[in-house]
Structure formats: C-alpha cells, structure tokens
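Please look over the model below before reading on. The points that follow take up charge pairs, then the ligand site.

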Amino acid sequence: MDSIPADPPVGEAAALLGRARRVVVLTGAGMSAESGVPTFRDALTGLWQRYDAQALATPEAFRADPELVWGWYEWRRHAVRQAVPNPGHRAVATIQTRIPGTVLVTQNVDDLHERAGSPDPVHLHGSLFAPRCSACSRPAPVPDGTDGEPADGRRVPPPRCAHCAAPVRPGVVWFGEALPPVALEAAVEAASACDLLLTIGTSGLVYPAAEIPQVAARLGATVVQVNPEETPLDRIAEVNLRGPAATVLPALVDAAWGDGPTG
Ligand code: OAD
C-alpha cells in the first residue's frame, strides 16, 4: 500500500485482505440494512421485534394459515424488489473480482448480492425468489408482482403447484427446518479451506450459520468482522470494524487496492 489509511483497523484489515489467497465472505441481514431491507433482531426495526416468527416462519404456521404466511413473504419480496444494492454489496463483488475463488455465503434471502455483481452466492437460508411446491418440492414460478402492491398483513392465497396442485411455499428456510444440504456443505467446505473469513452484518446467533466463522477460526483462518455492534463473533475476530457495511466495506476495498468498488 502506498499510503497509511486514516482508520487503523481498516488499514489492518486491508493488509490482511491484500495478503489473503482463499477468502470466504459471510453476510447477514446487516449487509442489506442500508438498502432499506430490515434486519431481524435490531432493537427498533428488526422484523422479529415487530412480527411473531412462530406465526410466520415455521412449517406449522404455513400449514395453519398459508394465506397469512404467503402474503407476508409476498410483501417482503415486493420490498426487496424496490430496494437496490448498496456500496457494501458492490465492495463485496469487488473483493470477489480481486481475489478469484472468493466464496460468498449469505444468510440473506434477498437478491441484492446478485444484482451488485456477485454471480453465485451460496444462499444458506434459501431465497425469496425460489418458491417451491410444499408437497413435491418442484420449483414454482416467481409471481411477477403485477397483481398490485402486497400490503403488510394482507392475506394472499398461495399459487398451486402445476404438477400436484399442492400449495406453493416460499423457498426460504423456516425455524425448525434443516438448511439446504448442498449450500451448507459448500459453506463448511469453503470455511475449512480459507485463510481469511470476512463476516459482515450478522448477529452470529443463528446456528448452524454462526458456526461457519468458528470453523474457519478453529482451522487457523483469520476472521475479520464488520458490524456496528458487538456480537459473539468479536472474540474470534482478529479485527473488528465497527461501522455500517455500506461505509466500511468501500473504505476497506479502497485501502486494500486503492481504487474503490466497481460498478
Ligand atoms: P440479525 O437481525 O440477527 O442481525 C443483524 C446484524 O446486523 C446485527 O448484528 C446488527 O448489529 C448488524 N447490522 C445492522 N445494521 C448494519 C449495517 N448497516 N452494517 C453492518 N451490520 C449491521 O440478522 P442475521 O444475523 O442475518 O433466518 O440473522 C440470521 C438469521 O436469523 C436470518 O437469516 C433469519 C433470521 O431468523 C431465517 O429466516 C432462517
């Protein structure tokens, strides 16, 4: 690096990133917060502060009231469609370009990484854009959203599967469900083989996702965290960058390579 970055922890993290050869980036809801997509556990705006997860995000809830659950996820998908990637998403895409082979693992069910130029994130918790049949699991078309703006709390009957006529369900992982095995395996394998894991905007409270940085640390990788708040991952992080992703990540990329994010 030519110049000494103004913020010492950013400079330290940039030096680590600049030397890293095999990188995993793990993102959580904080990554998309500045795009206007709410997190789950933040004190005022978190979804689980305002909504009952048991009534909306469990297989039992969908069986009991499919219209309520489908309507809630329609509302969330609509909100994500209105959102745009923030400079943090673009900085992650830049890291992937700068360090080929970087594996992006996200707990987010939005598509903002893809829209920022990250080609193939591992979606640990599924996607709002991958509905499937609740009975035969075949993929179902994503509703095009032309039937008006879904309102918060509006009940919407789920479409029926074209093959078996069972209700279509959101393609996300609900409480009490296993993570998609292929995604989990890819994430654990990448974490086991990386030399640096960058964790961004996750509370580190939800397992098994929270295990991924711990696997990396146990096997000798350096962990760098971006989060404005303390989390249980603080103790395994070599550097904690306390700030919002949309500000910290472009500064990190700039300090590492001197040209800011692309796109
Ligand atoms: P949480 O809502 O638990 O945590 C969000 C984290 O983002 C917190 O640690 C915040 O401090 C941090 N944060 C907030 N704003 C930020 C910003 N601008 N930049 C960086 N960080 C910021 O979200 P997750 O950890 O992603 O699962 O939650 C994990 C899982 O719990 C979710 O995938 C979801 C939820 O239940 C399922 O739906 C299966």
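**Notes on salt bridges and the ligand shell**

1. Glu-60 and Arg-63 form a salt bridge, with their closest N and O atoms 3.9 Å apart; the term needs a side-chain nitrogen of Lys or Arg within 4 Å of a carboxyl oxygen of Asp or Glu. The two residues sit 3 residues apart in helix α5 (residues 59-64), so about one helical turn separates them. Helices here are DSSP runs (H or I, at least four residues), numbered from the N terminus.

2. This is a predicted model, in which local features need pLDDT of at least 70 and side-chain atom pairs count only at pLDDT 80 or more, while totals for chains, interfaces and linings use all residues. Residues are numbered from 1 along each chain as its sequence is written, and side-chain values use heavy atoms, leaving out hydrogens and water.

3. Glu-177 pairs with Arg-169 in a salt bridge at 2.8 Å between the closest N and O atoms. Arg-169 is buried, at 7% relative accessible area, whereas Glu-177 is partly exposed at 24% (buried is under 20%, exposed over 50%, partly exposed in between; 1.4 Å probe, protein chains only). The count of salt bridges is 7.

4. The ligand is surrounded by 23 residues, each with a heavy atom within 4 Å of it. Ligand oxygen atoms make polar contacts (N or O pairs within 3.5 Å) with side-chain atoms of Arg-41 at 2.7 Å, Thr-202 at 2.7 Å and Ser-203 at 2.6 Å. The protein covers 92% of the 790 Å² of accessible area that the ligand has on its own (Shrake-Rupley method, 1.4 Å probe).

Notes:
Polar contact = N/O pair within 3.5 Å; in protein donor to acceptor, adjacent residues only side chain to side chain.
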